[in-house]
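Subject: A structure for you to explore

Hello,

I am passing a structure on to you, with some notes to read beside it.

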Amino acid sequence: MTAQVSGGLGVGIVGSGFIADFHTRSFRGVRDADIVAVSGRTPSSVQRVCDLARDLRVGDPTGYSDVRDLVRDPAVDAVWITTPNHVRVETVRAIVEEVRSGNATLRGIAIEKPLGRTAAEAQEVLKLVEGAGLLHGYLENQVFAPGVTRAHELVWSRGAAASGTPYLARCAEEHSGPHSAWFWQGVKQGGGVLNDMMCHSVEAARFLLTPPGTPASEWLTPVSVDATIASLKWSRPSYADELVRRYGAEVDYRRAPSEDYARATMIFRNGDGDEVVAEGTTSWSYVGAGLRLSFELLGPEYAMSVNSLDTEAKVFLSREIAGKPGEDLVEKQNAEGGLMPVLPDEAGAYGYTEENRHMVQRFLDGTAPAESLHDGLAVTRLLMAAYLSAQEGRRVDLSDTSALDAFVPDVALGTWNPRA
Ligand SMILES: NC(=O)c1ccc[n+]([C@@H]2O[C@H](COP(=O)([O-])OP(=O)(O)OC[C@H]3O[C@@H](n4cnc5c(N)ncnc54)[C@H](O)[C@@H]3O)[C@@H](O)[C@H]2O)c1
């Protein structure tokens, strides 16, 4: 049993899957908070996350099957929402109803990316949370990743201060495909890799192009977006069959594929009045050692770059060793032999630890997190504009992104035909 820090924040994690695990691991580096409750649909996965929290001594959580029971637990001061995209709105609505009816008292709510499957959903989430008077944080870990934040600080303080503001951010996230069936289903997830991973790259690029301490939406005015999506790998017949083998007939890429490749070029006007460019590339069709995150920021006399697979630690395993498949070296690991990168603290490197430290501090202080649901909505609107651009094969004007609030991408409707 781990005693809760006096005056600390009691955190309830809603959802008990892959990302709940990452958050739990990250709390080893977060002070003044304990994980006091976990809820989920599957009792064994709730138990697994509770056991992990106890093993790591980051809390002694109570497991719940119903989110309403979790928020009614008086030990819960704030919730982290980690349920899948298609239940995001109903999860938030249930929590807000408990708060508004006086059954639950919360200081804040932190919500995983993407905020919604459409801009309308993201807006609904924001409206519900603000209507209940809760502090809110958008869980975009990459803008808290230490490599990104430190290099960002340095290029702005040394490079931009001396030679002018940065003009080009390039951000990419690639791996060989997600780990649960619902991610692959356009209707449930809200799209394919553009919705799932471009949300990271767009927010990372907005962060990099903005001076430290300034909200991105104050510094950057969206101008236009030009995007492409494609199904490069997973709608090939043998790979479509592989998805059916893994997940059953509900993931049918012969009939209803989602994009496994997306790129977007977004133009913004910055606070100096200059045009600046954000390039995002994301794919579920990258087979390298594992998850690859990359970030670049270029300015007049400087550049920064981060690549998550350029690790300081590596292991080499010869062909004499037949290794068991695992993800013990790196997330979305694709091989168990040869020269492999090793990320010793993935929760730290990807930004979860600093993200959660920030959210906890702000909720305890009673102040708004730097990354809020307003950012989540801004990102969702940019993603919808990117889908529209890809769908219609044209550059989309971003001077009024709220015009996109009624838009639902073909991929999210399950009607996308990559060959049309
Ligand atoms: N920040 C990141 O890098 C990152 C990484 C992975 C996932 N995510 C986000 O976190 C969320 C969850 O992703 P995940 O990878 O943990 O998914 P997952 O499939 O691994 O786990 C989802 C959890 O929700 C539960 N669940 C599934 N269907 C449900 C339903 N209909 N009602 C209630 N609960 C249900 C499952 O039992 C499981 O506990 C998603 O929004 C995803 O986009 C973020």
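Predicted model: local features only at pLDDT ≥ 70, side-chain atom pairs only at ≥ 80, totals over all residues.

Now for the domains. The protein is divided into domain 1 (9-113) and domain 2 (143-350 + 378-413). Their C-alpha centres lie 26 Å apart. Where the two domains touch, ten residues come from domain 1 and ten residues from domain 2. On the domain 1 side of this contact you will find three nonpolar, five polar and two charged residues.

Next, have a look at the sheet. Seven strands make up an open sheet with mixed pairing, in the order β12-β11-β7-β10-β9-β8-β15. Why is one side of β12 and of β15 left without a neighbour in the sheet? Both β12 (302-307) and β15 (396-397) stand at the edges and have a single partner strand each, so one side of each has no neighbour there. For β12, you can follow the pairing with β11 (residues 292-299), which is antiparallel and covers six bridges. Within this pair, leucine 298 stands opposite alanine 303 in β12.

Two helices lie across strands of this sheet. Helix α6 (residues 146-163) lies across β11 and β12, and runs at about 175° to β12. Helix α9 (residues 193-209) lies across β7 (168-174), β8 (221-230), β9 (261-269), β10 (275-283) and β11, at about 150° to β10.

Finally, the ligand. Which of the 20 residues around the ligand come nearest? They are Gly17, Phe18, Ile19, Glu112 and Ser180. Helix α1 (residues 18-26) gives the largest share of this shell, with three residues. By type, the shell has six nonpolar, eleven polar and three charged residues.

Enjoy exploring, and write back with any questions!

Best wishes

Methods:
Residues numbered from 1 in each chain as written. Near = placed C-beta within 6 Å. Helix = DSSP H or I, 4+ residues; strand = E, 2+ residues; numbered from the N terminus. Nonpolar A, V, L, I, M, F, W, Y, C, P; charged D, E, K, R; others polar. Domains from an automatic or database assignment. Contact = placed C-beta atoms within 7 Å. Pairing = 2+ DSSP bridges. Axes fitted to C-alpha atoms, helices over the stretch in contact; angles between N-to-C directions.
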